[in-house]
Every structure is written in C-alpha cells, then in structure tokens.
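Let's take a friendly walk through this model, one neighbourhood at a time. Keep the 3D view open as you read.

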Amino acid sequence: MRKQLAAFSFLYFLVISTFAQQVSELAKATTPAIATSRAAALRSPAKVCGACIRAHMEFLASDALRGRGSATPDELIAATYVGSELRQYGIDPAGDDGGYIQRAQLLTRVVNGPPQLTFTIPGNGTPSREIARKHGSEILVLHMSQSEVSGPLQKIDLAAGEQKVKPGAIVFLKAKEGKNPRATMIAAIQAGAAAVLVSEYPSIRERWQETSRQLPQLPSQLKGTAEAGLGEGYNLVVVSQSSVPALEHLPEGTTIHLAAPTTTSDNSYTWNAIGILRGTDPTLQHAAVLLSAHLDHLGIGEPVKGDNIYNGADDDASGTTAVLELARALGAGQRPRRTVIFALFGSEETGGLGSSYFREHPPIPLKDIAANLEFEMIGRPDPALKPNTVWLSGWERSNLGPVLASHGARLAGDPHSDQNFFARSDNYVLAKKGVVAQTVSSFGLHSDYHQPSDDLAHIDFKHMTWAIESLLRPVQWLVNSDFKPKWNKNGKP
Ligand SMILES: [Zn+2]
C-alpha cells in the first residue's frame, strides 16, 4: 500500500503546483495590497516575513507531503521546494551538477530469515554452537542495527547490584523478578555494550506472541561509508526462560554471535538541498558559516486516532523554515563578508544519513566551515525556559552560544541535559569531524513528538516567528564578523 501510493506522489505534486499557480495569479489580480506587502517583505534584509514563514510551513507540513518520509519521493519534493525557494532569494546552487539537490545512494538491508544466537569458546577452535535457535520462542530480537554482531560475554545479575559494562561486550542481563529491565538495557547500550541480551520479563511476555511474528528491521546506511552518522548501533535481544541456563553456564568472555540472514539493495536514495552565498572578504575565505536543518520526517506510519501522516511540523519543518527565512534575509541584504552555506538534510530521522553524505561531499572543504547552527523544533516554546528564549544544545562545549548571546541572541543552555540533544541531530555528525556545530531549539519535550499530531494545528506561529526574528541580527552579525568559535576544553565530541 505504502509503495504504490509513493509512486503517485510526483503526479500529485504536479497537480498541486499548477493549482497553486492559478491561485497565486488570482491573488495577484484581486489582492494587490497583500501581494505588495509580501513582495516588500521578500526584499527586506532587516525583517522576517511572517507570511513566508506560514507559507513554508503550510506546504512542508501539509498532508500533501505525507510527512516527508526519509528517502522517499516526498522528501525529494521537499528538497526541490527548498531549492526553488533558494533560487528566488539569490542563493547560488551548491548541489550536484549545478543544481541545489545533492543525491546520496543508500544501502537498505532486509532481514529475510530468523536471527540466530550462537557462541564460540575462545581458543578451543570448536565451531560455533547454538544457544537459542527458534526466533519467536527461544529468543526474540527487539532491535538490531547490524546484520551481525559479536563480542565477549559479560554477565550482569541485576539482583546483585551495579556492575560496570565493558565496552564492546555482549551483556547478558539477568532481570530482577517482576521488574522491567528496560532502563538498565538502555544504560548498558549507552555504556558501550555491543548488544544486550536480557532474560524474559513480564511485560515482554505479554507482547511476545505479537512481536515474534515480525523479523527485525535494519536501518539504512550510506553507500560507501562504513561509519554511522547519528546514534551508535544498538542490538537488543530477549532470551526465553528455557534458554537462560545455556547462557548462564557459559564462562565470562565466551564469544557470542548474533546474526541474521539479510539481503542488501542499493536502489534507494536520500536528498539534500544545498545553497551557497559567497562571502566578499578573502581573509575569511576559510571561515564559512553553515546554517542547516533536516527536511525529512517519519512519513506515513502506524495510525494514531485515525491519522497516519506524521507531518513533522515542529520536527523539522520549523527548522527548515528558519533556514529558508534566514536565507531570504541574507540574500536580500548586502553580500556578507563570510561565505554562508544553507543545507537542508534528508534522512536525519534514520540516522543523519543526509548530513553524513554532505560531510563527505561538502561544497567547500569541511575545514573551511568555522561554525554550524542547526535549527530543530522551534515551532513551540519550551516551558522550561524563560519566555522568549531558545536553547542551544551543548552550550558549555564551545564559546559559540555565549558569544551569540552577547550579540543579542536570546539563547540559553539546553535545560534537558539528560536528553543528550547535542548528539541527536545533524550538528553532531559535523561536530564529530571538528566543526563547531550546535543545534538551536525550543523543544520542550511535548507529547506530540514523533506523533501524527506534530502538525500545523500545534504550531505556535507567534513564538516561531519571534524565534526566527530574534536570531536574524545575531546571524547577520556572525556572517559579517571575524569570530571563529572554539571548542572548550573537553567540549569537542
Ligand atoms: Zn528533528
């Protein structure tokens, strides 16, 4: 169902754009006052254009774009729209073949048989032996990020208190009777476990039947790049009570393997939209500024209250709109001293794939990008902050936030330090390669996050317009200044 619908979306777009042209012709003929004021706004470097913000949001977060699913034709439509807007603002194309679009080839891997859990005793040369074979009865794979993973066994008994995870270990957690071990499983992954095996627990026992019918899904990868962009791999396996003794009897350090038969194909793509405004000052040639957001979201998914379109209005049509609006203002003003790159990434939601491709294929050398501001989820205020404030992820990691704040940005530190937002967007992909890269946001952990209800009806346009306006002058200052932000001690990831 989903695939077939996707094939129709190009046609659908053509119909929409012709309709939109007719409507705008009509608007020109009948409402000159509005057309003039919008036109004036379009040329103004000093003010944000409220109508432009609404226009971007109403297109990008509309049901017509079907949630801009990562690596779908809907994502390509969003990228094409962004390129077409950048063209109007006088921003030059910096994608493939003289256009705005940058296309990245992906590898998709499909698990086509039950995953297996086996072991080898190190040094004794015996072939691998099975611990649990029957997927759905003896083991249940909740999540796999690689088609195979192996490592030394580390046994942790949750009843016996805390124990440090050895990085790279396959951790076997013995759950406390009657307790849900989920938090401990996640903590073990974050501490560097290659996989976590857990003995079955009550809440999973209830879901076992239903979950066991599905084989795990593997995330897509960028073709030609081994390194993951965002988020480390994680592998979670539940082991049935009947298979627990087999694991318990193995000595610590036994090599455990988890493998699933997969087929790989490379016939899918993700799309970025990239524009560039060349700076005038040759002394700042190696200090460009990158303004970015992600244009993809979750697409069509499980219906919630009858709605299956995950519009992603806040996440991240709002950030995409901020970058477009800054591009419009910078394009309308005097050419800045520093080069500014505008990048709207695809497939952020599936692991920062678009930004990882950009990082490997930047329009100027990566070392010549002095700062990156990513914009994420500024469509609603964060109740954890003072009114009229937005936060910058990883505030304490560099001097970028404090210096922008001293030039008028209403920026504060991220009030949700336990959420690790610094490592949860495209900025992190670039920061790992040295670029001082941080994310501006006002996400306040609202319950519409990654739900179909993250839609236009829940956008606070007053806040969003204020947020973009508040950043306009600080960004104009940044792109005309000599300031090169630096990581603080231990700030660089
Ligand atoms: Zn996002």
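## Before we start

A residue is called buried when its relative accessible area is under 20%, exposed when it is over 50%, and partly exposed in between, using a 1.4 Å probe and protein chains only. By that rule Leu197 is buried, at 1% relative accessibility.

The model is predicted, so local features need pLDDT of at least 70, side-chain atom pairs count only at pLDDT 80 or more, and totals for chains, interfaces and linings use all residues. Residues are numbered from 1 along each chain as its sequence is written, and side-chain values use heavy atoms, with hydrogens and water left out.

## The zinc site

Which residues hold the zinc ion? The ion is coordinated by His294 through NE2, Asp315 through OD, and Glu376 through OE, with Glu376 listed for two OE contacts, at 2.0 to 2.7 Å. Donors here are N, O and S atoms within 2.8 Å of the metal (3.2 Å for Na, K and Ca), and water is not among the atoms, so sites may look incomplete. Along the sequence, the donor residues follow the spacing H-x20-D-x60-E. His294 belongs to strand β13 (residues 288-294) and Asp315 to helix α8 (residues 313-332), so this pair links distant parts of the chain, 21 residues apart. Helices (H or I, at least four residues) and strands (E, at least two) are DSSP runs, numbered from the N terminus.

The angles among the four donor atoms run from 52 to 156°, and the site is irregular. Four donors count as tetrahedral if all angles lie between 85 and 135 degrees; four count as square planar and six as octahedral if opposite donors are over 155 degrees apart and all others between 65 and 115; anything else is irregular. Asp315 has another feature to look at: its peptide bond to Asp316 is cis, with omega near 0°. Asp316 is found in helix α8.

## An enclosed strand

Strand β16 (residues 340-345) is largely enclosed by the rest of the structure, because six of its six residues are buried. On one side these are Val340, Phe342 and Leu344, and on the other Ile341, Ala343 and Phe345, which leaves both faces covered. In a regular strand the side chains alternate between the two faces of the sheet.

What are the pairing partners of β16? Strand β12 (residues 262-277) pairs with β16 in the antiparallel sense over five bridges, and Gly275 has Phe342 as its bridge partner. Strand β13 runs parallel to β16, joined by six bridges, with Leu290 standing opposite Ile341. Two strands are taken to pair if DSSP finds at least two bridges between them.

## A hairpin and two positive phi values

Strands β14 (residues 299-304) and β15 (residues 307-310) run antiparallel and are joined by three bridges. Within this pairing, Ile300 has Ile309 as its partner. Two residues sit between the strands of the hairpin, where Lys305 takes a positive phi near 50°. Lys305 is exposed, with a relative accessible area of 86%.

Arg66 also has a positive phi near 50°, in a residue other than glycine. Arg66 sits in the loop between α3 (50-60) and α4, and is buried, with a relative accessible area of 11%.

## How the helices pack

Two packed helices are described by the angle between their axes and the distance between the axes. Axes are lines fitted to C-alpha atoms, for helices over the stretch in contact, and angles run from 0 to 180 degrees between N-to-C directions. Angles under 35 degrees count as roughly parallel, over 145 as roughly antiparallel, 65 to 115 as roughly perpendicular and the rest as oblique.

Helix α4 (residues 73-88) packs with α8 at about 15°, with the axes 10 Å apart, and the two are therefore roughly parallel. α3 and α4 pack at about 160°, with their axes 11 Å apart. That makes α3 roughly antiparallel to α4.

## One more contact

Finally, return to Leu197, which lies in strand β8 (residues 195-199). Leu197 and Val171 are 26 residues apart in sequence and 6.0 Å apart in space, C-alpha to C-alpha.
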